Structure formats: structure tokens, C-alpha cells
Amino acid sequence: MLTLEAITKSYGEKSLFENIHALIDKQDRIGLIGINGTGKSTLLKIIAGFETADEGKLIHPNDYRIEYLSQNPPFDEEITILDYIFSGDARIMKVLRAYEQALYNLEQNPTSEDAQTLLMETQQMMDKHHAWDASTVAKTVLTKMGITNFQQLTNKLSGGQKKRVAIAKALIQPADLLILDEPTNHLDYDTIVWLEKHLTTYPGALLLVTHDRYFLNHVTNIIFELDHGSLYEYKGNYEYFLEKKVEREAIEVQSQQKHQNTLRRELAWLQRGARARSTKQRARIERIDDLKEKTFHTDKANVEIQVGSQRLGKQVIELENVSKTIADQVLFEDVHLLITPGDRIGMIGPNGSGKSTLLNIIANRITPDSGIVHIGETVKIGYYTQGEEELDDDMRIIKYIKQVAEVIQTKDGNIITAEQMLERFLFSRPKQWSYIGQLSGGEKRRLYLLKILMQEPNVLLLDEPTNDLDIQTLSILEEYIEHFPGVVLTVSHDRYFLDQVVDELLVFDGNGQIEHVYGNYTDYMATQIETKTAEKKRPKQQPKRQQERKKLSYHEQKEWETIEDYITALEEKLDRLASEIVEHGSNIEEVQRLYEEQQRTEQLLEEKMERWEHLSLLIESFQQ
């Protein structure tokens, strides 16, 4: 086991945590949570030995091994994937490296006797150190992570591939404690689910920081919370933590009230003219001084977002026959998408399937290879990108925000200043005059999010917003989206976030096709599982029986709720096209383009009308 004894850490005048005590036992599965900037990553680095504490010590056996995966793992660009995976000073890693090198040498020189001899020697070493299982596990983990060319140089990998390789390395290194800092960042759904299952069988202890609440709930059995410099421990998963945190905060409020009552009585005693003539009286006065200095943390640091947005007209965004190919890979083709007011659309699919590219096309940052993107006149886009703009480390926080707006209006017409908004985003008045360079990575993301929202957009594009944001900020962002009067399109692999904010999905299959479905992420996955289960259970060569239905399915109900608005939008578009055809009567090419668009819209309208009629008949049959 590993013990943290009185660990304290500060940076300049900023105290991260003080006098922390904790115990990490073997087989513990610990999730570390807290607001960005509270020192989560710093605490991980102290435990891993990459930083030193100002005070306190770590106590563990001499042979205690710790494996640490940082958010941005360093890479030696001139080595192969297998060399990187098997790096480390553990004896079994050295044996694996020697064997893989000997195997590679023989493949390059099949007739070399020296290469054959070396391979036989390394095979004997593999037998002696029981390393074959480790080799199999390593290659299995790499394959599950989507890495199949083990001899590829690491400098040829993308950022997402490097993260997968780094995770694979961390998983196979022999360790008593595995520390993972945001392991799910930039991983797709399938990889995250596989990692969840794999970690349940990990032989050592786990300590991880993640914003993925489903992952946290499924993997952990202990929660450490960093809050105002103190560490609180909860013996359970994330769901248990939420329940107990409410109880702790309630007790804190009660303690503060009792403290205030005691202090009030003691101050009244002083004001009655008590004189410090006796030792007893002097002790009481000293106790009053101690009471005055005692602090409580009962003010919840919530990111309250009440920003309004500019009025959004009926015409929002429409994509017609949009296609895009990058490096000979067809990301998508002939995409038709009509976005109407109030839409909440999530984009899911494998990494590299074109989700961010489609967002960039909608934001007019990338031009499609073919097709047209229509943007309504009243649309004002706020785009939260995956890699935020380069923030000027030498600029003060308050100046960065005031570049956007010094005041904004809330939905109810009230005025909020930039200083007030920063406070609601957990940047206190004194901290607002700090330089951006003093912020943690997560705090910079929170600041960047505030900048986007202060632009008062009515169409919000979010590309992986959950990466690097703390759970508290995410919860309030979810609440903001719930009350946001505009349109939201988001790319995310965070299942919990998608469940909270979207009711439609664009599913990218990675082969150029996009499926438009209704419902949130859990609804979609449940449908997929039901379909696969039904296919397995269906008897062969037997006619499919139509099960009697009594109501619309969830997806049909969602479609029914929106289809009339969709039809209205198409009818309004046809009216607009008819007017534009008349206006461009002398421009034959433009009239031809408008006419073709009119034909496609009429066909789409006809399909929607037929669908509306089908759903109407279904509803009538249920009512009989």
C-alpha cells in the first residue's frame, strides 16, 4: 500500500492543498475529482514522483512500482511502437524488447545464422521469465486500441493514435499502482467501453482523473475529492459520491450556523465590557479570536450561466448534397440535413470519420467538395473548438473577456458585467487580474468557454466540449443547454453528456455514411442492442411475425413531435425558392440551379408528408 502523509503544495501565493492524508491499498479503484485548478494533476504527479511536495511524505515499500500516464505523454519520435510499448527498466520489459528486436532482425535477414541464434536465445529468455503472456497482452491491447502496425515509427502517428499507444504501454507495465490522467480524452466510444472492461481486471491499484461520469461510475470504488485545499474520501463509486457529498455539505452548513451563533454570543460578552483581568477571561478572549479566524466552505462554486442569445429566425441551417473527401478518404457524401429552431443534435462515430469536418463546414471554416450550405440571416454561430485558440499567457483574464464584451444581457433583460460573469465561472475578483499563463489547462478551457457564450450566439457548435473541463462545469453547461433557446450541435464521445443534452443523433459509420436517428445516446445504443439480440434469436427460414403494437416507439414519438415543424420549414423554403426563381428570371444558370433545388425540396417534402401520414395512421390504430 501507499500512504500520503501531510502532503502540502503551493505555487507562489496560490495554495493547492494542505496537510493531505490518504491511503491507497492494493486493488483500490480510486477516482480523483475536483474543479479545474484545484491541483488534481499536480497531486497525481507528486504521487508518481514527477513533482515534489512542499511538505509531507509518501510512504511505501522499496519495491513499490508506479506507472503514470499523463494527459499529454512524451514520445521519442525515432522508435517503433513496440519499442515504445516495451520501454521501461522492469526485467520483463527488457526481455520483451530483446525478443522483438531479434524477431525483427530475422525477418530482415531470414538466412542469417547469427539472427537465428539470437532469436533462439531470446526465446529461451522469454520462457525463463514467463514473458509470452505479457507479449500477447501487449499486442491484444494495441489491436483493441486500433493499432495494428507494431513496427510503425511513432512520429508517423496522429495525436489520437499516440494517446492510444501511451495507454497500451501504461496497461502492460508491471505496476502496483497505475495512475491515469484523463485517459478517455480523444477516445471513441468502443475504445472507452473496452478500456472500462479491461480496467476491472487490472491486477494493481488504480488512481485516475476523468470527466467521463459513466466511466467513473463503472470503474471506481472510491472517490477522492479535492475541495478548497482539503481531500475528502468517499467509499463508493461516483453515484455514491453524489449522495454523500450532499450530506457533507448539509453538515458543513449546520456547523457554520453553530459557529456563527457561538461567535455572536462571545462577541456580545465582549461588548458588555468584560475585562481581561483573569487567566480565565484572557483565555476566553483568545478563543473568540480563534473563532473569528475559522472559515467554512459552504458557498457552492457553481458556474451559473444566464447569458441570453440573439433572436433566431425560422431559417437556420440546411445542407444540400454536401460531400467531403480528405486524403482519398470519403468522409461523407450527399448529406442532406435541415436544422430547425430548437434542435439538439449530437454527432457520434469513430475518430477520423468526419464529425469535426462537418462542424467546420457548417461554421464556414472548410469548403465542401460539393453541395451547398444555407445559413439563415439571423444565425449567429458560437464555435467551441477541440483545440482552443492560442491564449496569450501575458494577458490578464479580465482583459481577455472584455475583448468580447464588457457587459451582456440575460434572458430577462438584466445586465451582467464581465467581472460578474467571470465570478460565476469560478474566477474570483482578485484572480481576474492574474495572467492567463498562471491558469491550469482546464481553467483555460473554462475561460475559453465563457468567451464563446459571452458572444451571445443562437447556434452553438461544440467540438468535444467535455475534454479537459471539470465535472462541475460540465453539469452547469448541460443545464445551460437545457434552457438555451437556440440550436446546439455537438461532437462528443461522453455518453453522459450526450444523454443530457441531445435528442437527435448523426451517426457516422466511418465509411462515408451518416445515419440520422432520434433519441439520446442511451436510446440509440439500446436500439442497437435490441436489433442485434432480435437477429440472434430470430429462427431461420421462418416468416417474421408482426408483433402487435400499442404505441409509437420512442424514436417514432420523437419524430412525430418534430415532423410538422420540418414540413412547415420545407413549405416555407419552397415559397422562398419560387420567389427567387422569379427574381432571377434573366439569369438562366441561377434559375436552373434554383429549379433543381426546388425539385429536390419538393421530393423531400413529399417523403415527409408520406411519413406524417404513416405515423398518423399508426396513432389512429392505437386509439381504436
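**Close-up views of a predicted model**

**View 1. Strands E10 and E11 form a hairpin.** Strand E10 (residues 317-326) pairs with strand E11 (residues 329-339) in the antiparallel sense, over seven bridges. This is a predicted model: local features need pLDDT of at least 70, side-chain atom pairs count only at pLDDT 80 or more, and totals for chains, interfaces and linings use all residues. Residues are numbered from 1 along each chain as its sequence is written, and side-chain values use heavy atoms, with hydrogens and water left out. Strands pair if DSSP finds at least two bridges between them. Helices (H or I, at least four residues) and strands (E, at least two) are DSSP runs, numbered from the N terminus. Thr-325 stands opposite Val-330 in E11. Two residues sit between the strands of the hairpin, and Ala-327 takes a positive phi near 50°.

View 2. The lining includes Thr-184, His-211, Asp-212 and Asp-494. About 60 Å³ of space lies in this cavity. A cavity is a set of points, on a 1 Å grid over the protein atoms alone, where a 1.4 Å probe fits but cannot get out; lining residues have an atom within 4 Å of a point. Grid points are joined across faces, edges and corners, and a volume is the space filled by probe spheres set on the points.

**View 3. Arg-495 forms a salt bridge with Asp-212.** A salt bridge is a side-chain nitrogen of Lys or Arg within 4 Å of a carboxyl oxygen of Asp or Glu. The closest N and O atoms of this pair are 3.4 Å apart. Arg-495 lies in helix H16 and Asp-212 in the loop between strand E7 and helix H8, so the pair ties together parts 283 residues apart in sequence. Arg-495 is buried, at 6% relative accessible area. Asp-212 is buried too, at 2%. Buried means under 20%, exposed over 50%, partly exposed in between (1.4 Å probe, protein chains only).

**View 4. Lys-314 and Glu-572 meet in a salt bridge.** The N to O distance is 3.3 Å. Lys-314 lies in the loop between helix H10 and E10, and Glu-572 in helix H18, so parts 258 residues apart in sequence are tied together. Lys-314 is exposed, at 60%. Glu-572 is partly exposed, at 26%.

Terms used. 1 Å grid on protein atoms, 1.4 Å probe; cavity = no way out; pocket = protein on both sides within 12 Å on 5 of 7 lines; lining within 4 Å.
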